[in-house]
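Open the model in your viewer and keep the selection tool at hand. This tour moves from stop to stop, saying what to select and what is there.

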Amino acid sequence: MTVTPLLLLLLGLMGAQALMDQRTAAAMAAGLCKTRPTDLVFIIDSSRSVRPSEFEQVKVFLAKVIEGLDVGPNATRVGVVNYASRVKNEVSLKTHKTKAGLVKAVTKIEPLSTGTMTGLAIQFSLNVAFSEAEGARKSNEISKVAIIVTDGRPQDNVKDVAQRARDAGIEIFAIGVGRVDMSTLKQMASDPLDDHVDYVESYSVIEKLTKKFQEAFCVSDLCATGDHDCEQVCISTPGSFKCACKEGFTLMDDGRSCSACSNAATDVVFLIDGSKSVRPENFELVKKWINQIIDKLDVSDTKAHVGLVQYSSAVKQEFPLGRHNNKKDLKDAVKKMAYMERGTMTGQALRFLTDSSFSFMQGARPGVTKVGIVFTDGRSQDYIGDAAKKAKELGIKMYAVGVGNAVEDELKEIASEPIGEHYFYTADFKTMTQIGKKLQINICQEEDPCECDSLVKFQKKVEDALQALTKKLESMSRGSLCWRTRSSKMSHLAPLTLFSL
């Protein structure tokens, strides 16, 4: 069988729809379902063909659908139009603001028990029930929905009036019962007909449609269900979400990540364990984790610079600070990192970090915040205490991340204060992405985050001034030495000069 692009597209759409259906069902089961703001009008047939007991079952159906809605002046408003040969506005959109009040009003509706003027009922709903005077809202963001329930053939025309209602923006669902004329239902309903036309054999089973309409109005709260990737704050919107950040943080360009001070300069070096215990498949996960953190940084010539060091029994600088100053090149370079294997000499790697990676010769910038991110999956085979202490004494903000057999005491020894914000551990490589979300690289001076750039410029000026002063002193020193030498020589010539005079 040849798989065509069209077939692949259809399969993809079917899979996406199935996933959405599963999420909706899960959201409803967990009570995490909200209904989008809607003006909803039920149009119910109470002609003589509908027996009193059957009409009671229709009212139960209405009540159960209402129970699944967010009812309120700013949420969903519900109206009920009762019709036979004449039309009666039983419940106005503006009348009841609570579910309890609505359900009580529905229970009091009595059948009209005459003919079946469905077209007249739709026209009444268009002109009256969905009017602003009866509580309908003007906003385009408010859906307008009509649910028609009928069991017979209408005695008037429905095709043209239903088209006018749809053209006015009313979405029409048509429910047929028993001996209903199916072609009439299709003339009334909105497209696609498969979603908007329903049929049940009798009023005794109309309740089975309750779930369908609850799901039709359900917009799952993606923040509550966890179907989002916001780093800090998730804000629900109808059918979607948006991300925000806690006070003191800025939302990054990706719309998901948060930075403490996105306009500050920082030098970040990853120190990555490439020992044989990591294993090749997990090493690939580590590289993805590095790139997850890079995505959160504001990488550029003047802002975040990133370096990468891999260690095992030896230490290898994959690339120094400042070599790649855009995210694409950085992430490509990370992906190309080859797995070293062998031992775990974390102490040796930490010494390399302080002595080489953050040196001016390797691209570190004066006056810029320094951040070291150490990853390991096991116990170090050498002593780490002195090197870890030196890194923090030099002002490097140290983050320690451990997976699997990593020793938590060693991680805490590496991490900066407060340790709870700089040390992370997980038992499984597959859950490293959660650490990536939690790890916050505060790239500002904690005392005054907004003046990072000013501080860097000031420190650079001071260093330049000191260098200039040093050169001037050296020049003055050489000049003084020359003057003393000339003076010494002149002292020997002085008697001769006097004699010649």
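Start with R153. With a relative accessibility of 57%, R153 counts as exposed, because the cut-off for exposed is over 50%. Keep in mind that this is a predicted model.

**Stop 1: R153 and its partner**

R153 and D181 form a salt bridge, and their closest N and O atoms are 3.4 Å apart. R153 sits in the loop between β5 (143-150) and α5 (159-167), while D181 sits in the loop between β6 and α6, so the pair ties together parts 28 residues apart in sequence. Is D181 buried or exposed? D181 is buried, at 14% relative accessible area.

**Stop 2: G178**

Select G178, in the loop between β6 (170-177) and α6 (182-188). G178 is partly exposed, with 25% relative accessibility. Now show its surroundings. Leaving out residues up to four places away in sequence, G178 touches Y199, V200 and E201. G178 and S202 are 24 residues apart along the chain, yet their C-alpha atoms are separated by 5.2 Å.

**Stop 3: the whole protein**

Zoom out. How many helices and strands does the protein have? There are 17 helices and 18 strands. The protein has 501 residues, and buried ones make up 45% of them. Turn to contacts. Of those with a separation of 6 or more, 73% are between residues 24 or more positions apart.

**Stop 4: more salt bridges**

The structure holds 20 salt bridges. Here are some to select.

Begin with K59 and E56. Their salt bridge has its closest N and O atoms 2.9 Å apart. The two residues are three apart in helix α2 (residues 52-67), so about one helical turn separates them. K59 is buried, at 5% relative accessible area. E56 is partly exposed, at 40% relative accessibility.

Next, select R51 and E54. Their side chains meet in a salt bridge at 3.8 Å, N to O. Which of the burial classes does each one fall in? R51 counts as exposed, with 56% relative accessibility. E54 is buried, at a relative accessible area of 17%.

Then pick D39, R137 and K144 together. A network of salt bridges links these three residues.

**Stop 5: a buried charge**

Select D377. D377 lies in the loop between β16 (369-376) and α13 (385-393). D377 is buried, yet has no salt bridge. Where is the nearest side chain of opposite charge? That side chain belongs to R279, 6.9 Å away. A salt bridge needs a side-chain nitrogen within 4 Å of a carboxyl oxygen. Now display the neighbors. Not counting residues up to four places away in sequence, D377 touches D273, S275, S277, V278, V403, G404, N405, A406 and F429.

**Stop 6: a negative patch**

Go to the surface. Select D386, E408, D409 and E413, which gather in a patch of negative charge. Which helix gives the most to the negative patch? Helix α14 (residues 408-414) does, with three residues. Pick out E413, which is in helix α14. E413 counts as partly exposed, at 33% relative accessibility.

**Stop 7: two last picks**

Select S236, in strand β9 (residues 233-237). S236 is partly exposed, with 30% relative accessible area.

Finish with A216, found in helix α8 (residues 210-217). A216 is partly exposed, its relative accessible area being 27%. Draw a distance from A216 to D195. These residues are 21 apart in sequence and 9.4 Å apart in space, C-alpha to C-alpha.

Notes. Residues numbered from 1 in each chain as written. Predicted model: local features only at pLDDT ≥ 70, side-chain atom pairs only at ≥ 80, totals over all residues. Heavy atoms only, no water. Patch = residues over 30% accessible without salt bridge, like charges linked within 9 Å, V, L, I, M, F, W, Y side chains within 5 Å. Areas by Shrake-Rupley, 256 points an atom, 1.4 Å probe, with all protein chains shown as cover. Lys, Arg positive; Asp, Glu negative; His and termini not counted. Charge placed at Lys NZ, Arg CZ, Asp CG, Glu CD. Helix = DSSP H or I, 4+ residues; strand = E, 2+ residues; numbered from the N terminus. Buried < 20%, exposed > 50% of the residue type's maximum accessible area, 1.4 Å probe, protein only. Contact = heavy atoms within 4.5 Å.
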